[in-house]
Amino acid sequence: MGQIHPRFAFSAAVRVEAAHINAAAAPFCAVIGAGPAGLFAAEMLARAGARVVIYEHKPSPARKFLMAGRGGLNITHSENLERFISRYGAAAKRLGPYVRAFPPQALRDFCAELGEATFVGSSGRVFPASFKASPLLRGWLGRLAQLGVTIALRHSFLGFAQDGTLRLRGPDGHEVSRAAGAVVLALGGASWPKLGSEGGWVGLLKATGIEVTPLSAANSGALVRWSPIFRADFEGQPIKTVLLRHGEATARGDMVVTAKGLEGGPVYALSSRLREATTKGATALLVDLRPDTSQVCLARKLSRRPPKQSHATFLRRAGFSKAEIGLLREAQPEGLPRDAEALATLIKNAPLTVTGVAGLERAISTAGGVVFEELDADLMLKKMPGVFLAGEMLDYDAPTGGYLLQAAFATGRAAGRGAARYLGLLGVADQAGLSPSHLPNSRAPEASNKYSV
């Protein structure tokens, strides 16, 4: 059994940083991490009337969120809600209540309130009209400033003292302590660590007796040992509209050849299976280069080949790209078959040997985290009353397609509201129609709230 921390309590005698939090009676709440989960938890608390400071150890907020927007920000998905929730796999039962409480349409409404309309793409994925994260983040930070939220940058989380006081390292490298009525931890997982999610919190929480499933790469590329010629010729080349199969699981979309293997939506969708399979050795990934053409029709088309025409010329004239032809040669290095049936079979089932998945430094997200058994329904740690968790710190593995961000927002909302309930503020949080100027902790934006995104 881990150590039980005492209830967190705000003390006016404890010095707070340059945010200049006043000594009003409203409780002080600290949010650790300025990603979507932390920002949304902060908004919930501020709307409830708490005085909120977000501590972020990077020089600017939401760096990974901005990186996600570079390729076209996929904010959520439009599919049926129950189908949506099922995408979380083993964690669906645990995450379901939070997603139902803040479903995809609510997230779209949130974006619209910030001036960023959304639309549904042909795949059912939902994108902001600008395809970017920066306009949305800019509007959001402005609203948080109006709500009185302060963001203290370059503050690293060091854990908690024996009395429950929050420990931080400030910009000058010195340790500072903060007493708070409640703390929301939204430190992310460990993917793309250079953007801020480093996973250092794992050891800190485990030391207090909190059970944490080891963090591992999720939504990551597949590692394939290409021949030197293929890698030199096709690194960075896309291969459009493929169907990937691993066992009974399939995923469709576009993929990209990398120096070490394959990346792209369908690869990420199968990465959890590939990660598990490759712990026991190499595994086969089957590639269907023509998922919209049956093998019978494909064989019929390939049977019209002139007898003296080379493989490359024939396949190019049949509509195959150089990268696709190269991939077929990688799948069958002993040579492509001239028989139409055999060639059609290869095109529909090109086997690639996957030796592993890309590491955390390149993974889109993280699997693993604090197990749900350590948390109550408000996402509060049972062993640390007053401490709430949100986002990728929780033990779930979400696929790409909008599910990652939806979970971050939904759990951020739940943790923020849970902290508000813990502080006795939920009645204020439930009031509808309050504008920022009418909120209990409203004040003019300060210089520390202004960011260029």
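The points below begin with the basis of the model and then take up its elements in turn.

1. Basis. This is a predicted model, in which local features need pLDDT of at least 70 and side-chain atom pairs count only at pLDDT 80 or more, while totals for chains, interfaces and linings use all residues. Residues are numbered from 1 along each chain as its sequence is written, and side-chain values use heavy atoms, with hydrogens and water left out. Helices (H or I, at least four residues) and strands (E, at least two) are DSSP runs, numbered from the N terminus.

2. The barrel. Six strands form a closed barrel in the order β12-β15-β14-β13-β16-β17, with antiparallel pairing. The twist from one strand to the next averages 50°. Axes are lines fitted to C-alpha atoms, for helices over the stretch in contact, and angles run from 0 to 180 degrees between N-to-C directions. Two strands count as paired if DSSP finds at least two bridges between them. Strands β12 (residues 222–224) and β15 (residues 261–263) run antiparallel and are joined by two bridges. Within this pair, L223 stands opposite G261.

3. Helix α9 (residues 265–277) lies across β12, β13 (238–246), β14 (249–258), β15, β16 (283–288) and β17 (350–357), and runs at about 105° to β14. Helix α13 (residues 340–348) packs on the sheet and touches β13, β16 and β17, its direction making about 110° with that of β16. Contact here means heavy atoms within 4.5 Å.

4. The β7, β8 and β9 strands. Strand β8 (residues 166–169) pairs in the antiparallel sense with β7 (residues 156–160) over four bridges. With β9 (residues 175–178), β8 likewise pairs in the antiparallel sense over four bridges. S156 has R169 as its bridge partner in β8, and L166 stands opposite R178 in β9. The hairpin of β7 and β8 has five residues between the strands, with G164 at a positive phi near 90°. The hairpin of β8 and β9 also has five residues between its strands, and G173 in the turn has a positive phi of about 90°.

5. Buried means under 20% relative accessible area, exposed over 50%, and partly exposed in between (1.4 Å probe, protein chains only).

6. Helix α14. This helix (residues 403–422) has 20 residues and reaches 28 Å from its first C-alpha to its last, close to the 28 Å expected at 1.5 Å a residue. The expected span is 1.5 Å times one less than the number of residues. Of the 20 residues in α14, 19 are buried. G424, which follows α14, has a positive phi near 75°.

7. Salt bridges. A salt bridge is a side-chain nitrogen of Lys or Arg within 4 Å of a carboxyl oxygen of Asp or Glu, and by this rule the count comes to 15. One of them joins R94 and E373 at 2.7 Å, N to O. R94 lies in helix α4 (residues 92–101) and E373 in the loop between β18 (365–370) and β19 (387–389), so the pair ties together parts that are 279 residues apart in sequence. R94 is partly exposed, with a relative accessible area of 38%.

8. Two further pairs. R421 and D378 form a salt bridge whose closest N and O atoms are 2.6 Å apart. This pair links R421 in helix α14 to D378 in the loop between β18 and β19, 43 residues apart. R421 is partly exposed at 37% relative accessible area, and D378 is partly exposed at 22%. Salt bridges that share partners also join E43, R47, E113 and R143 into one network. In the salt bridge of R143 with E113, the closest N and O atoms are 3.4 Å apart. Here R143 in helix α6 (residues 134–146) is linked to E113 in helix α5 (residues 104–113), 30 residues apart. R143 counts as buried at 12% relative accessibility, whereas E113 counts as exposed at 56%.

9. T208. This residue is found in the loop between α7 (201–206) and β11 (212–218). T208 is buried, with a relative accessible area of 12%. The T208 side chain reaches the backbone oxygen of L205 at 2.7 Å.

Technical notes: Polar contact = N/O pair within 3.5 Å; in protein donor to acceptor, adjacent residues only side chain to side chain.
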